[in-house]
Amino acid sequence: MTALARAEERAERLVLVDGLVVRFGEVEAVAGVSFDVGGGEVFGLLGPNGAGKTTTIRVLTTLLRPTEGSAFVAGHDVVREGLAVRQAIGYVPQAISIDGALTAYENLEFYGRATGVPRRERRGRIEEAVEAMQLESFLDRLGRTLSGGMLRRLEIATALLKQPAVLFLDEPTVGLDPTARRLVWERLEALREQAGTTILVTTHQMEEAERQCDRIAIMALGRIAAEGSPAELRARFGVPVLEDVFTEATGGRLDEGGSFRDVRASRRRSRRLA
Amino acid sequence: MSAPAADVRAGSLDGLRLLPARAARLRDGTVAMGWAELRKLRHDHLDIFTRSVQPLLWLFVFGTALRHNHALAGGSSDYRAYLAPGVMAQAALFVAIFFGLGVIWERDVGQLQRLLATPLPRLGIVLGKASGAAIRALAQAIVLFVVIAIAGIGIRWTVWGVVGAVVLLLLGTAAFACLSMILAALVRTRERFMGIGQLVVMPLFFASSALYPLAIMPAWLRTIAHANPLSYEVHGMRDLMLGITAGGTLWLDFTVVAGFLVVTALVAAKTYPRAIL
């Protein structure tokens, strides 16, 4: 492949990951992962705790340097062009990123400033995001008084202000009750229809992934165990529901990962979101 | 061998060309962070008043008890006046040193990861956070100045004196807040941070000229106090508010405190990302 063709492919595929390896000392958290995401696609990264999903997202959002391999986001190298990547993405980490001591509106304004939305456009962008995520009713409430579903929608709204080329959502529905979860997904669907935003989402909710994602990659022990559309995966593994693909592909290793700190943090988060 | 060298040169040229843009991003980032800190303070007025209780106790209980001790008062006729800049700096120091707790909290929730994935420069994040501590110190200082005026404690009420002392206080507080962020990045858990915070804050406080003149200290303590940036902060404030120089110079005080801020801010910007792992 010529350099030019490669550059073109990079521009076309909004996320392009090739042979990604991340090692923490002896531990190989990501062990050679390759995948790509096209414009307007909703791509689901699935897998049990400790499969390497969050580590992969951290590389793509420039928070972590890969040990080996390469990754491009919106045509930019995550290692060499970190700033360009950060300017092109929206990122909602799994843990709560809203400032509880600020109101919902102040959080929006802060992230508008932080992501470099020009002052003249800020108000208009905030209004659009508020409408897209339906936040009108609680704009003046302090972050710490909001429910889990409100927080997630607010977080997604703060990540939309810069009109990102790719939106990274790490476990957006973890710890939410079914109603809140449905509302979050409803808003994401609307966002996709109206703005055509490209979304890379991690989850371990199989049925959510089945309903919402165009394509799915199932990760286990730092590798991609299976990749394709939900229908393709069901057909390939000859099973009626995606849940079974998950079990097959990960070899039933459902809940081995997660250190004490991870578990403590995620329980604390669930309590906070409930 | 030659290729990397060429890269480095291109990089530094690039760096020069992009300098104005980088400076603008640093300014915008610092302003954005500082703006958020100011907003937070507006939602929590009570914080300023509860934190002002401790310096007032020092000033009126400790200060009044030793009011007529001339050795302690270092040339001032009223120990309370001598003590005023010290407790102002001390109260700000406490705010600043425990600022790192907030950083650990922000790591435990997802704010820090989120911030680091925005285009905000790391130095801007650090300076913006530090300005939050400085804003709190300013609010405390205003409360203290009002109380000092009402109580009729004899400080020199000149514009340059008050403004200069406040500027020095803000620089010092921002620097100690950066130091606290460095500690937070190294320590990583809240429980351990509380211990380290105490371990750092009390020696900083006692081995400085905050409570008593350097002249009455034993030689070993004086040596430590001379290496303590808090001594220079307090010394300069005392010079500006009371005219007590105790053999130091104001430019040295400002240079040491500003230099301390530059160093801690740069180190904090380097170590800060470690806090998320």
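**Entry 1: two helices in chain B**

I started with helix H7 (residues 122–151) and helix H12 (residues 250–271) of chain B, whose axes come within 8 Å and cross at roughly 120°. I am working from a predicted model here. Angles of 65 to 115 degrees count as roughly perpendicular and those over 145 as roughly antiparallel, so I noted H7(B) and H12(B) as oblique to each other. I also wrote down the handedness: H7(B) passes H12(B) in a right-handed crossing.

Next I looked up who meets whom. From H7(B) I listed B:Arg122, B:Leu123, B:Val126, B:Leu127 and B:Ala130, and across from them, in H12(B), B:Ala265, B:Ala268 and B:Ala269. Sorted by class, this contact has 7 nonpolar residues, 1 charged and no polar ones.

**Entry 2: a strand in chain A**

I then checked the pairing: E6(A) runs parallel to strand E7 (residues 166–170) of chain A, over 4 bridges. Opposite A:Ile89 I found A:Val166 of E7(A).

**Entry 3: where the chains touch**

How many residues of chain B are in contact with chain A? I get 21, and they touch 23 residues of chain A. On the chain B side, helix H2 (19–42) and helix H6 (111–116) are the elements that give two or more residues. H2(B) gives the most, with 6 residues. By class, I have this side of chain B down as 10 nonpolar, 5 polar and 6 charged residues.

Notes
Residues are numbered from 1 along each chain as its sequence is written. Chains are lettered from A and ligands numbered from 1 in the order in which they are written. This is a predicted model: local features need pLDDT of at least 70, side-chain atom pairs count only at pLDDT 80 or more; totals for chains, interfaces and linings use all residues. Two strands pair if DSSP finds at least two bridges between them. Axes are lines fitted to C-alpha atoms, for helices over the stretch in contact, and angles run from 0 to 180 degrees between N-to-C directions. Angles under 35 degrees count as roughly parallel, over 145 as roughly antiparallel, 65 to 115 as roughly perpendicular and the rest as oblique. A crossing is left-handed if the near helix is turned anticlockwise from the far one by less than a right angle, and right-handed if clockwise. Two residues are in contact if their C-beta atoms, placed from the backbone, lie within 7 Å. Ala, Val, Leu, Ile, Met, Phe, Trp, Tyr, Cys and Pro count as nonpolar, Asp, Glu, Lys and Arg as charged, and the others, Gly among them, as polar.
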